[in-house]
Amino acid sequence: MHGQKRDEYKARLKDDVIAKKLAHKAQQWHTLSQTILLPRQQQQQQQLQDLEARSQLTEKLLCVNPDPLYLWNHRREQLILMTKTTTNPSEFDFSLFWEKEQNLTQTALSRNPKAYGAWFHRKWALRYYLTMMMMGDPQKIVVFEQDGKKSVALEILQMELHLCGEFLLLDERNFHCWNYRRYIVGLMMDNIAHGYNDDGDDDDDDHKEEDAVYSSFIMDGSWSVMDNGFTLQHENLPRMGAQMAIEEKEEEEISTKRGSSEKRQIYVPKNHKMANKIQQSLIAEWNFTTEKIEQNFSNGSAFHYRSKLLPLLIALEKDKLGNGEDEEGNDGEKDGCPSFVKIQVFQKELEIIRNAIFTEPDDQTSWWYFRFILSWANPVHDETNDGISMEEFQTILYNEWNAIEELVQDEDWKCKWGLLGLHMIASEFCHLSEKGLSVLLLLQEQDWKELEKTYLMRLMELDPDRRCRYQSMFK
């Protein structure tokens with residue numbers, strides 16, 4: 001168990017009173033499990049009344065122990081059968097359905113905040129509810145405000161985002177909750193696209209048909225509405241993959257409409273209102289990760305989410321500039337340089353990292369993000385050559401080397417992650433020099449090859465358990 005020593009936890013089981021209580025609890029669990037599973041194993045005909053009774057038993061079991069995945073599967077099977085066996089399916093109260101599953105998963109997660117089955121069931125229940133709503137009244141599912149009124153779906157998804165925020169106050173590094181949050185944002189973006197295709201605006205008629213294909217309701221959590229053709233040139237842009245399986249015929253139908261065998265592409269709609277709304281959602285998520293990182297520099301989940309958001313926001317901004325827009329309403333490029341956004345963000349991210357590593361030099365989280373951010377900003381990896389210039393990149397990298405070396409010296413050369421960071425920068429300068437891309441005179445003042453060896457020798461002394469790894473890095 002988290003926060004408990006193994007010996008202390010096991011010592012409880014040696015107490016006769018506790019052992020008897022646990023044995024009695026286990027027997028009750030076994031009896032209830034058999035009550036639920038036996039009819040299914042015997043493949044008996046299930047009547048609605050029987051389903052409701054067994055559904056209550058399943059709920060009772062999951063509230064006690066939310067970990068068994070087979071119980072969640074069994075409950076989903078029961079719920080689907082209940083909707084199909086209702087005399088008049090159109091009269092089934094899906095609002096009550098969502099409320100019950102919401103309360104059940106909330107109770108389950110209060111017992112175990114990292115129960116895989118409970119988190120997945122909440123995703124499934126939400127998707128099932130929204131799907132049924134869409135079949136009954138498509139207008140209810142549109143996720144944007146009309147005449148100052150919010151749709152039902154918008155209220156639900158915003159409430160789920162709020163609950164994620166509350167949950168992450170209790171445990172800001174719960175990756176299950178971060179994953180669920182990405183799922184909710186994926187649903188919001190998918191539905192925003194649908195909403196703006198139905199808003200009656202004629203400004204973007206030329207692109208409505210194309211955008212409508214991409215805004216089909218998949219609701220599997222994938223971020224399928226992102227980059228405007230930029231992705232075709234940049235295959236390294238992150239794909240937010242699906243979190244739920246959907247029926248193959250549904251996937252094939254969408255693929256056929258797109259005229260491509262590619263079932264998942266990141267795509268920024270050409271409807272500018274839609275693109276701006278999606279960009280606002282992403283910026284809100286970006287600000288949320290900033291808040292969580294400032295609260296705890298060791299929040300790896302927030303840094304990971306940030307690494308996925310960053311290229312998408314840059315791509316959206318480029319699309320915005322390409323259409324002659326910017327935040328100040330100026331036409332074309334700002335200061336004659338289309339890459340100013342990337343440079344600005346790069347420097348701000350390094351500032352966050354610097355605050356983190358100087359606060360806790362031995363925390364690996366910020367160092368891993370440091371490795372990502374340098375790779376992302378490296379002009380060598382930018383195939384379009386419209387990002388940060390080589391001179392700008394090398395100047396910033398050299399300044400980072402100076403700052404980290406100062407930190408490592410202050411730590412008496414006993415900061416493992418700092419030495420790894422210095423080695424990474426020295427290796428990068430060596431590679432640039434070998435390719436004839438070294439453009440700064442400052443770089444010629446250092447023997448980067450020799451510094452590489454020096455850092456590895458110090459790492460072998462400081463971290464002998466990984467000596468063989470460091471020896472392999474000499475090659």
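**Close-up views of a predicted all-chain model**

**View 1. The largest nonpolar core and its residue Leu-126.** The largest nonpolar core holds 105 residues, and Leu-126 and Phe-346 have the most contacts inside it. A nonpolar core is here a set of buried Ala, Val, Leu, Ile, Met, Phe, Trp, Tyr and Cys residues joined through side-chain atoms within 4.5 Å. Buried denotes under 20% relative accessible area, exposed over 50%, and partly exposed the range in between, with a 1.4 Å probe and protein chains only. The model is predicted: local features require pLDDT of at least 70 and side-chain atom pairs count only at pLDDT 80 or more, whereas totals for chains, interfaces and linings use all residues. Residues are numbered from 1 along each chain as its sequence is written, and side-chain values use heavy atoms, with hydrogens and water left out. Apart from residues up to four places away in sequence, Leu-126 touches Trp-98, Ile-156, Leu-157, Tyr-180, Tyr-183, Ile-184 and Leu-187; contact means heavy atoms within 4.5 Å.

View 2. Phe-346 belongs to helix 14, which spans residues 340-359. Helices (H or I, at least four residues) and strands (E, at least two) are DSSP runs numbered from the N terminus. With a relative accessible area of 1%, Phe-346 is buried. Its contacts, neighbours within four places in sequence being set aside, are Ile-373, Leu-374, Trp-376, Ala-377, Ile-388, Phe-393 and Ile-396. For one of these, Ile-396, the C-alpha atom is separated from that of Phe-346 by 9.3 Å, although the two residues are 50 apart along the chain.

View 3. Glu-400 and Arg-354 form a salt bridge whose closest N and O atoms are 2.2 Å apart. The term requires a side-chain nitrogen of Lys or Arg within 4 Å of a carboxyl oxygen of Asp or Glu. Because Glu-400 lies in helix 16 (residues 390-410) and Arg-354 in helix 14, the pair ties together parts that are 46 residues apart in sequence. Glu-400 counts as buried at 5% relative accessibility, whereas Arg-354, at 30%, is partly exposed.

**View 4. The salt-bridge network around Arg-75.** A network of salt bridges links Glu-59, Arg-75 and Glu-101. Within it, the side chains of Glu-59 and Arg-75 meet at 4.0 Å, N to O. Glu-59 is in helix 3 (residues 48-64) and Arg-75 in helix 4 (residues 69-85), so this pair joins parts that are 16 residues apart in sequence. Arg-75 is buried at 1% relative accessibility, while Glu-59 is partly exposed at 28%. The count of salt bridges comes to ten.

View 5. Helix 18 covers residues 448-462 and contains Glu-452. Its 15 residues should span 21 Å at 1.5 Å a residue, and the end C-alpha atoms are 21 Å apart, which agrees; the expected span is 1.5 Å times one less than the number of residues. The buried residues of the helix are Trp-448, Leu-451, Glu-452, Tyr-455, Leu-456, Leu-459 and Met-460. These buried residues pack against helix 16, helix 17 (416-434) and helix 19 (467-473). Residues three or four places apart point the same way because an α-helix has 3.6 residues a turn. Glu-452 has a relative accessibility of 12% and thus counts as buried. A polar contact of 2.5 Å joins its side chain to that of Ser-427. Such a contact is a pair of N or O atoms within 3.5 Å; within protein, one must be able to donate a hydrogen and the other to accept it, and residues adjacent in sequence count only if both atoms are side-chain atoms. Beyond neighbours within four places in sequence, Glu-452 is in contact with His-423, Ala-426, Ser-427 and Cys-430.

**View 6. Aromatic pairing of Trp-178 and Tyr-305.** The count of aromatic pairs comes to 19. Rings of Phe, Tyr and Trp (its six-membered ring) pair if their centres lie within 6.5 Å, with planes under 30 degrees apart stacked, over 60 edge-to-face and the rest tilted. Trp-178 and Tyr-305 form an edge-to-face pair, 6.0 Å centre to centre with 75° between the planes. This pair links distant parts of the chain, Trp-178 being in helix 8 (residues 175-197) and Tyr-305 in helix 13 (residues 300-322), 127 residues apart. Both residues of the pair, Trp-178 and Tyr-305, are buried. One aromatic cluster is formed by Trp-119, Phe-167, Tyr-180 and Tyr-183.
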